[in-house]
Amino acid sequence: TMGNWLVNHWFSAAVLAAWLGINIFLFTYYFLFFDRDERYFYTRAILGSALAWARASAKCLNFNSMLILLPVCRNLLSFLRGTCSCCRRTLRKQLDHNLAFHKLVAYTLALLTAVHTIAHLFNLERYNGSQQATDSSLPAVLSKMHLQGSNKWLNPIHSNQTTVEYVAFTTIPGLTGVIITLALILMVTSSTEFIRRNYFEVFWYTHHLFIIYFAGLVIHGIAGLVRGQTEESIKEVHPHHCAQYLTHKDEYCNHECCKDPEFGSIPAESWKWVLAPVLLYIFERILRVWRARQKVVVTKVVMHPARVLELQMQKKGLHMEVGQYIFVNCPSISLLEWHPFTLTSAPEEDFFSIHIRAAGDWTERLIDTFQQQKPEMPRIEVDGPFGTASEDVFQYEVAMLVGAGIGVTPFASILKSIWYKFQQGDQTLKTKKIYFYWLCRDTEAFAWFNDLLASLEQRMAESGKADFLTYRLFLTGWDTSIANNVVMRFDTAVDTVTGLRHKTIFGRPMWNSEFTAVAAAHPRSVVGVFLCGPGPLAKSLQKSCHQHSSLDPRKVKFYFNKENF
């Protein structure tokens, strides 16, 4: 329900409301300012309301350009997360919505760029029309004022042969505007989920066009093509009294309105908005380079089936928590590319590990490099760990963990850690029972996870704790050869697909019956439901939590947690 969402995400809601409020305020304030202020009386005579649309959207563009870099300052966020470790965890969790906010600001920039560009296209048409007009209308008279002296011009177009294309590619605002817009289009289109998942390199390199974007933004307003009447000129010849005399001026004019108005440029101010975030981001990048230079020792390399590479590493001073991720760089493949990977080791282990699946050029080359077994290991650089720990799992007596596809990776760390805590008799661990649901199209790419489950299964059986973990595997994509194999070997002790004791179920889970079974087994418990998977699945689990929670406070309650990895 909306109420529950607000309780859990009040900080996000407050940030969004403040951001939206500031955008609305800036747009409205500057729209009215340029639509009514007397300094722009003559500018409006030529341009009409398109002036206000262009200037108001420019202010909002500056504000959002100031914000766009902040959510991607990973080390700043880690620092904030560390300093507010005493805050409520819901507050720290909201810092993990950094990329969602980054995307929201980016889409807003794209929308505002469209508004700003369209408004300026109208402005160019009006400037052009006024310059070519031969009548004695106010726009026509104002457009000829450049003939009176250097400070007199209001219309930046001084020739009848000028076209929109000419202005776009020969003036500083035109050219930088085109470059900024192209950079923004490329960055937005190359950051779609499909490209990020399948062609990460394309996303990575095009995103560095942000350097061109910020450089262009700072230069964009320097030429000051949009002008207004100067303060001194307004005191001498106020447009409300004197505008009418501009169109009907005789040679022997001798009253106070005879003097021509003078105009000045609006100063460029984008740099004031973006200077602090850009400096902060430069510091962030220097910090990343320094951290990456610290030595990483690869202690073990394991090649799993279906081209999945496991790297076990050690790095001085790296302290991880469950559910966190690191950025990895291999200089022998690419000096610039950093790729994020979820940590699959537990904090209790004396190493940290990642599992790398072949999913693009960079990962393919990394796997090939480690498969060649040269005398010396290729150098690996690591930045991190980042992200909020998922230690909430340890706060529930009963936990239902749901991993879908690649979303199973963080649960490797969580399951291992719970097992270590359980073994060591950790007093902070309240968990007595775990239900783990694993949904995937094919188990091949996750054979390593099978091995992990098998070893956990064996260890639990050996220590007489076989009931601690119940897991159910759902194969959502399967063909007839698998089905025939399963039918032929239905009575075997272990599963034909995974080799585990628990049978693989074909198709999707019936959440209704799963929740009913858990509620029946734990009639008085508080159950934490954790998902790492797609949005539609989150909605369906949230609904089930709501439906199966008892109104009686002494009976079963389900709490839904969507993890952000």
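Leu275 lies in helix 16, which spans residues 270-292; helices here are DSSP runs of H or I with at least four residues, strands are runs of E with at least two, and both are numbered from the N terminus. The model is predicted: local features need pLDDT of at least 70, side-chain atom pairs count only at pLDDT 80 or more, and totals for chains, interfaces and linings use all residues. Residues are numbered from 1 along each chain as its sequence is written, and side-chain values use heavy atoms, with hydrogens and water left out.

Together with Trp271, Leu279, Ile282 and Ile286, Leu275 forms a nonpolar surface patch with about 500 Å² of accessible area. Such a patch joins nonpolar side chains (Val, Leu, Ile, Met, Phe, Trp, Tyr) within 5 Å, each residue having over 30% relative accessible area and no salt bridge; a salt bridge is a side-chain nitrogen of Lys or Arg within 4 Å of a carboxyl oxygen of Asp or Glu. Areas come from the Shrake-Rupley method with a 1.4 Å probe, only the protein chains shown counting as cover. Leu275 is partly exposed because its relative accessibility is 44%, the class between buried (under 20%) and exposed (over 50%).

## The loop between strands 3 and 4

Ala306 is located in the loop between strand 3 (296-304) and strand 4 (308-315), and Arg307 is found in the loop between strand 3 and strand 4. Although not a glycine, Ala306 has a positive phi of about 60°; for Arg307, also a residue other than glycine, phi is positive and near 50°. Most residues other than glycine have a negative phi.

Ala306 is partly exposed at 37% relative accessible area, and Arg307 is partly exposed at 27% relative accessibility.

## A cis peptide bond

Gly384 and Pro385 are joined by a cis peptide bond, with omega about 5°. Pro385 belongs to strand 8 (residues 381-386).

Definitions and conventions. Patches are made of residues with over 30% relative accessible area and no salt bridge: like charges are joined within 9 Å, nonpolar side chains (Val, Leu, Ile, Met, Phe, Trp, Tyr) within 5 Å. Buried means under 20% relative accessible area, exposed over 50%, partly exposed in between (1.4 Å probe, protein chains only).
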